[in-house]
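Biologist: Please take one part of this model and go through it closely. I would like to follow the charged side chains and what they link.

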Amino acid sequence: MHMTFALFADAANVSQEGKLNILGVFDALQVSALPSLHPRATLVVHLKGSPSDAGAHRVTLQWMSPSGSELWSSDGELGVVSPPVGVVEMDFPLIAQLDLPLDLAGRYVMRVGLDGTTHAEVPVQVRPAAAAPVPRTPMLMS
């Protein structure tokens, strides 16, 4: 089994026809203050497999701050059943809605692992909002 891509988006779903729909792909966030929480980011991971991948697979997520510290992690099991005869490749879209804690400005990374090996690192650059310009007091000329 291999990972074809992993990214952050505003939303994603799988249609009735099995199409993966992704809306609002992003790799940067601007926040008004830190620490902060970015609510409901959608992590999309696309896996491809073959009939030989039937069985249980461990998926891990690890959210890393710019300082290198782990802010949270999670893991789960992906159960793959054998496909019908003649199917040689299978798609496995994984969609996770996550609240992302942000403690510092800088480059965050979501590490995505499969069966004990990191297969993707999805970066997100976090920038504080620029300070509003200080209004100037108009000078009166006489």
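**Salt bridges between strands**

Modeller: Aspartate 75 has a relative accessible area of 47%, so this residue is partly exposed. The model is a predicted one. Aspartate 75 forms a salt bridge with arginine 58, and their closest N and O atoms are 3.3 Å apart. Because aspartate 75 lies in strand β6 and arginine 58 in strand β5 (residues 55-64), the pair ties together parts that are 17 residues apart in sequence. Arginine 58 counts as partly exposed, at 36% relative accessibility.

Salt bridges that share partners also join Lys48, Glu89 and Asp91 into one network. Which salt bridge does lysine 48 make with aspartate 91, and at what distance? The two side chains meet at 2.5 Å, N to O. This pair links distant parts of the chain, since aspartate 91 is in strand β7 and lysine 48 in strand β4, 43 residues apart. Aspartate 91 is partly exposed, with 44% relative accessibility. Lysine 48, in contrast, counts as buried because its relative accessibility is 17%, and the cut-off for buried is under 20%.

The side chain of lysine 48 meets that of glutamate 89 in a salt bridge too, at 3.4 Å from N to O. Here again distant parts of the chain are linked: glutamate 89 sits in the loop between β6 (70-80) and β7 (90-102), while lysine 48 is in strand β4, 41 residues apart. In total, the structure holds four salt bridges.

Strand β4 (residues 36-49) also contains threonine 42. Is threonine 42 buried or exposed? Its relative accessible area is 0%, so threonine 42 is buried. The side chain of threonine 42 reaches the backbone oxygen of aspartate 10 at 3.4 Å. Leaving out residues up to four places away in sequence, threonine 42 touches several others, among them Leu7, Phe8, Ala9, Ile95 and Gln97.

In strand β3 (residues 28-31), Leu29 and Val31 make up the covered face, and Ala28 and Gln30 the uncovered one. Strand β3 runs parallel to strand β9 (residues 117-128), and four bridges join them. Leucine 29 stands opposite valine 126 in β9.

Last, there is a nonpolar patch on the surface. Phe5, Ile22 and Val25 form this patch, with about 230 Å² of accessible area together. Isoleucine 22 belongs to strand β2 (residues 20-26), and its 31% relative accessibility makes isoleucine 22 partly exposed.

Note on methods:
Residues numbered from 1 in each chain as written. Predicted model: local features only at pLDDT ≥ 70, side-chain atom pairs only at ≥ 80, totals over all residues. Heavy atoms only, no water. Patch = residues over 30% accessible without salt bridge, like charges linked within 9 Å, V, L, I, M, F, W, Y side chains within 5 Å. Areas by Shrake-Rupley, 256 points an atom, 1.4 Å probe, with all protein chains shown as cover. Helix = DSSP H or I, 4+ residues; strand = E, 2+ residues; numbered from the N terminus. Buried < 20%, exposed > 50% of the residue type's maximum accessible area, 1.4 Å probe, protein only. Pairing = 2+ DSSP bridges. Polar contact = N/O pair within 3.5 Å; in protein donor to acceptor, adjacent residues only side chain to side chain. Contact = heavy atoms within 4.5 Å.
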